[in-house]
Each structure stands twice: as structure tokens, then as C-alpha cells.
Amino acid sequence: MTRFRGCIDIHAGQVKQIVGGTLSTDTDTGLKTNFVASKPSSHFAELYKENGVTGAHVIKLGPGCDDAAIEALDAWKGGLQVGGGITSDNALFWLDKGAEKVIVTSYLFPNARLDVTRLQELQDKVGKERVVIDLSCRRRGDEWIVAMNKWQTLTDTKINKGTLTLLAAYCSEFLVHAADVEGLCRGIDEELVVALADWSPIPVTYAGGAKSIDDLALVSRLSGRKVDLTYGSALDIYGGTLVKFEDCVAWNSSH
């Protein structure tokens with residue numbers, strides 16, 4: 001069953017909505033921001049908690065985000081996932097702070113190459129049920145390549161049935177940001193949603209480009225109700241004008 005999943009993106013200590021392709025590991029000179037919250041991360045965590053929006057992810061986009069992430073987790077112990085700089089060394093710290101699951105990305109790709117040994121170490125420490133693998137990607141022709149380092153570096157790993165089958169042995173779900181359309185509110189990557197539903201043996205949440213409440217029904221149809229959807233910049237709680245949070249909550253309640 002396709003559900004609305006929440007997100008709390010934190011950059012430089014503040015909740016923001018960013019055009020994904022403009023993030024940089026070196027400088028924020030070219031950063032394009034759609035929204036900067038005046039309210040703390042805990043406000044959004046409480047909003048998700050009060051409305052039963054489970055499986056929401058807190059993503060730390062660079063340094064200076066730990067305190068805000070902890071504040072969100074404090075507001076809903078055991079109700080949020082957290083990602084951004086997660087390793088086998090600090091995963092337990094974040095679970096102890098109240099994360100339901102940890103989301104791991106760049107740590108799995110030293111020198112932009114998949115290292116299954118690191119994934120095994122993480123699984124051994126926290127168990128696969130508490131691991132989410134973020135396979136955020138960029139499209140190259142008719143393929144999707146996993147991207148790391150704020151979506152700036154392409155890895156050696158393609159999103160396909162073989163990759164998802166391999167990685168599913170080490171985690172409980174996937175989170176996939178389509179970085180090329182992230183934050184643009186111009187529509188989802190429909191072909192990627194279809195592919196994820198076909199290839200993944202475990203639950204998947206798709207993020208990127210959603211611009212209408214009708215996108216929930218679209219993702220449900222395209223994926224055979226297998227893929228969940230995240231809204232970001234289009235959502236009214238993040239300054240958007242295209243999608244109402246209350247409509248997303250109503251969808252979850254009625255499906």
C-alpha cells in the first residue's frame with residue numbers, strides 16, 4: 001500500500017528544502033534553497049507524530065546538523081529514521097538517541113565503490129531491521145547511478161534488480177532520492193518508480209519532484225502499491241503551495 005512518508009531535511013542546523021543537485025561537498029555558493037524554516041526540527045517531528053505519519057526520515061545534509069537531528073528525535077522517540085554521516089561506529093549512538101532506524105549512504109561507498117564488508121559490519125552491530133540504505137541516484141541515459149557526497153559523486157553502482165537483491169539482505173528498506181528532480185516540483189521520475197517496484201524485494205520510499213496530491217495515486221498505480229512517496233518543497237508545511245499536509249494525512253488514513 002502506497003503511503004505518504006515525511007521528511008525533515010537539515011542543513012547548517014536548520015530545517016530546509018533544497019534543490020538536490022545544488023548541494024556541494026566543498027562550498028554552498030551555488031546552493032538553491034526553496035525553504036528555510038523559522039521553527040525548530042522538533043516542530044515537524046511533533047507534527048508527524050500527532051498525525052501518525054510513520055517512517056519519516058531526518059536527513060543531516062552536512063556538518064552542524066547533529067543538535068537539530070537530536071532535537072527531532074527527542075520529540076518522537078522511536079518514530080523517526082535518521083541519516084547523514086551514518087557509519088558502523090556511530091549507528092548505535094543515533095539509535096540510542098531515539099532513531100527507529102539509521103539510514104546509510106556514503107559510508108558504503110569508499111572511493112565511490114560499494115564495500116559490502118562495511119554493510120556487513122553495520123548489520124552485525126544493529127541488525128538489518130534497523131538499517132535503511134539510501135540509494136539516491138542520478139539518471140544517465142536509461143540507467144540510474146547511485147550518487148554520494150550530497151549527490152555530487154557518482155559511484156560504481158547502478159540501481160537494478162541485481163543490486164537491490166544483493167543489498168536487501170542487509171537492510172529492511174530502501175530510500176531513493178531522484179537527485180536530478182529533487183526540489184524542482186516538476187514531477188516524479190515515473191520510470192524509476194516502476195523499476196523500483198519491479199526490482200526491490202523489500203519496501204521502498206521514493207523522493208524527488210512530487211508536485212501534486214495526485215502523485216500519491218500515481219505512484220500507487222505505477223508501483224502496484226509497493227512504493228511509498230515523500231513530498232518536500234511542494235508541501236505547505238515547508239512553504240509550498242502545491243500540496244496540503246492535511247491531504248497527505250487523509251490519504252494515509254483512507255488507504
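Modeller: Let's begin with contact, which means heavy atoms within 4.5 Å. Helices (H or I, at least four residues) and strands (E, at least two) are DSSP runs, numbered from the N terminus. This is a predicted model, in which local features need pLDDT of at least 70, side-chain atom pairs count only at pLDDT 80 or more, and totals for chains, interfaces and linings use all residues. Residues are numbered from 1 along each chain as its sequence is written, and side-chain values use heavy atoms, with hydrogens and water left out.

Biologist: Which residues of α1 meet which residues of α2?

Modeller: On the α1 side they are Ser 41, Ser 42, Ala 45, Glu 46 and Lys 49, and they meet Ala 68, Glu 71, Ala 72 and Ala 75 of α2. This contact has 4 nonpolar, 2 polar and 3 charged residues. Here Ala, Val, Leu, Ile, Met, Phe, Trp, Tyr, Cys and Pro count as nonpolar, Asp, Glu, Lys and Arg as charged, and the others, Gly among them, as polar.

Biologist: At what angle do α1 and α2 pack?

Modeller: Axes are lines fitted to C-alpha atoms, for helices over the stretch in contact, and angles run from 0 to 180 degrees between N-to-C directions. Helix α1 (residues 41-50) packs on α2 (residues 66-75) at about 30 degrees, with the axes 8 Å apart. The two are therefore roughly parallel (under 35 degrees; over 145 is roughly antiparallel, 65 to 115 roughly perpendicular and the rest oblique).

Biologist: And how is α6 set against α7, parallel or oblique?

Modeller: Helix α6 (residues 190-199) and helix α7 (residues 214-223) pack at about 45 degrees, their axes 8 Å apart. That makes α6 oblique to α7. In α6, Glu 190, Val 193, Val 194 and Ala 197 meet Leu 218, Val 219, Leu 222 and Ser 223 of α7. By class, that contact has 6 nonpolar, 1 polar and 1 charged residues.

Biologist: What lines the second largest cavity?

Modeller: Its lining is Asp 9, Lys 16, Gln 17, Ile 18, Leu 61, Trp 151 and Glu 182. Strand β3 (residues 14-18) gives the most to this lining, with 3 residues.

Biologist: How much space lies in the largest pocket?

Modeller: About 410 Å³. Of its 21 lining residues, Lys 60, Gly 84, Gly 85, Ser 106 and Lys 150 lie nearest the centre. The lining divides into 8 nonpolar, 10 polar and 3 charged residues.

How values were computed
1 Å grid on protein atoms, 1.4 Å probe; cavity = no way out; pocket = protein on both sides within 12 Å on 5 of 7 lines; lining within 4 Å. Points joined across faces, edges and corners; volume = space filled by probe spheres on them.
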